[in-house]
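Student: I would like to go through a few local features of this protein. Please state the cut-offs as we go.

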Amino acid sequence: MGESASVVTITAVIPLYGVEGYLPDLLASLLAQRPGGYELETLFVDDGSPDRSGEIAERWLLETGFRGTVIRQANAGVSAARNRGLEAATGEWITFPDSDDLLAPGYFQAIAAFLAGDPASSVVSARMLRLMEPDPTPQDVHALQFRFMAGNRRVPIDRYPDFFQLNVASAFFRRQDVLDRGVRFRPGLHASEDALFVAEFFLRGECEPVLGLAADAHYIYRRRASRDSAVDRFRNDSDSYIGRFMNGYAPLMADAAARGRVPGWLQSMFLYECQWILPVQLTSHGYANVLTEEERQRVLAALASCAQYVDEDRLFEYDATALPLASRLLLQMLAGRPIPSWVGAYRDRDGRVDVPVAAGSHVEVHTQDGAVDQDRAGFVVPDYFGQQLLVHWSGVIPRGAHIVVDGMPRRVVHQRWADTPEQQRDRHRRTELDVSRHAIPSREHEVRVWKPIPGPGGGRGDKLRWRVLLTRRRVARFVKRMFQIG
C-alpha cells in the first residue's frame, strides 16, 4: 500500500489458543484483503497454545511478507493476550479479531473509507455476519443487525441507548484514546470481558460517546459445528452466570451511579446479557444444570446487584432484542420494585388467563353478576435460578370477568387471532409504553426485533430497502398464520 497523508494505520491483535484447525481460514481472508487507504499490522499473541497455531502464524508472516509478528507468552487467557498485543501495537487504530473467524475481502478497505470520512469517531463497529457451520454462506442474522439497516452512520448512544457495542472482534478503537483512558481487558472473567472493555472505554471519555457504524465492512463470526468455542462453553461454567455480573457489570454501574447516573446504553448492555441467560432457563436445552443450589442463589444476587441500577423506563422500553416480559418483570422485582400497573391479565382464545403477580398476591375473579371466585386457578413459579419473587396465576375465566390483584384491577388483554402468547404480551407492552408501535411483535424464542429503523442519519436507499423487507416479513407472518389456522 502506497504512502499517503490519508492512509489509516491499523493494528489487528489476534490471540491464539488451540485454533490450528481454524486459523488458516482467517489467514486466507487476511491475504484476500483489498488494498486502499490503510496499512495493516498483524500481531498474533500465542497464549501458550497447546497446538501449532503460533508456528502457523509465524510461517504465514514469513511467506506473505505481511507486517507483523508473533508474540509468545505462557497461557494467561484471552484478556491477558489482548492486553499484551495492545501494549505492542503501533497503529493509530486497533482491533481484536478472533482467530477462528473470517474477514470479508473489503473489510479493512471499508473501515478505512469510513474513518477517512469521519475522523471524529473513537469507536467504529463493523457489521457482523454469522457463519453457521456446516453452512458455508455467511448470514446477516445478528441480534443487533438493526443498527446497520440504515447504512454507514454515527450514533450518539446517550440519546439512543439501544445502540451499543459488546464485542471487540468487530470493533476499532483509536489506540491513543485507549492508552490515555487506561482501559484494559480484565483477566479472570469468563464472559463479557469484551463488553466491559467497550463500556469502560466509553465511560472514561470526556465527550458524549458516539458509535460509528460501518455497514459496508463485514466481519464473519464463525459458529463452530463442534460447539467448542468459548461462547458455546459458557453455559457449562458457573462463573459465566455470576462473575460477569457480580465482578463486571455491578462495579461498573455502581461507579457510574456514584458519578451521577448510569447511562442508558450501559443499562441496555446489561439487559442484552440477560437476554441470553433468563428466557432459556424455562427450556430444557438452556436450563443451567451446571449450577448448585447455592450458585443459583448467587446468580440471583448478582442479577439483583445490577438490576438496581436499571431505570424502570429503560427496563420496559429496551428494544434492542426481544427480551420477554416475564424476564423484565423478574428484573423489576429483583431491583426491589413492584410490578407496574399497566401489566395485564393475558387472556387466550380459550378463555384461560395468565397473570404475572408477586409471590403471595391475592387474586380474585369478579364476574359480570358480581360474584367473586378465587378457586378457578393455580399459581406457577417460573424456575429462573430458583427465584421465588415472580409467580403466574392461571385459570379459565368467563368472558366479561375482571381480574383483581391485591385490590387493584388488572386490565384483561385479549389475544388477537393471529398472535402467539409471546406476541400478545409484546404488543401490549409496546402499546402501553408507545415503543416502536410498528414493530412486528416477537414470538417465542425470537431474539431479533423487526422494527422500523431507529436512530439518526443513514442512507435513504438503505432505509427504503429495510421498509420493503419489513413489509415482506409482516405479510409472510400473516400468511403463515392464516394457513396454520385454516
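Predicted model: local features only at pLDDT ≥ 70, side-chain atom pairs only at ≥ 80, totals over all residues.

Tutor: Residues are numbered from 1 along each chain as its sequence is written, and side-chain values use heavy atoms, with hydrogens and water left out.

Student: Is helix H12 largely enclosed or exposed?

Tutor: Helices (H or I, at least four residues) and strands (E, at least two) are DSSP runs, numbered from the N terminus. Buried means under 20% relative accessible area, exposed over 50%, and partly exposed in between (1.4 Å probe, protein chains only). In H12 (residues 325–334), 10 of the 10 residues are buried, so the helix is largely enclosed by the rest of the structure.

Student: Which residue just after H12 takes a positive phi?

Tutor: H12 has buried residues including Met333 and Leu334. Just after this helix, a phi of about 85 degrees is taken by Gly336.

Student: Which are the edge strands of the open sheet of 4 strands?

Tutor: Two strands pair if DSSP finds at least two bridges between them. The order is S13-S12-S16-S17, with antiparallel pairing. Each edge strand pairs on one side only, and these are S13 (372–373) and S17 (408–410).

Student: Which residue stands opposite Val372 in S13?

Tutor: Strand S12 (residues 363–366) and S13 pair in the antiparallel sense over 2 bridges. Opposite Val372 stands His366.

Student: What is the relative accessible area of Phe478?

Tutor: Phe478 lies in helix H14 (residues 460–485). Phe478 is partly exposed, and its relative accessible area is 43%.
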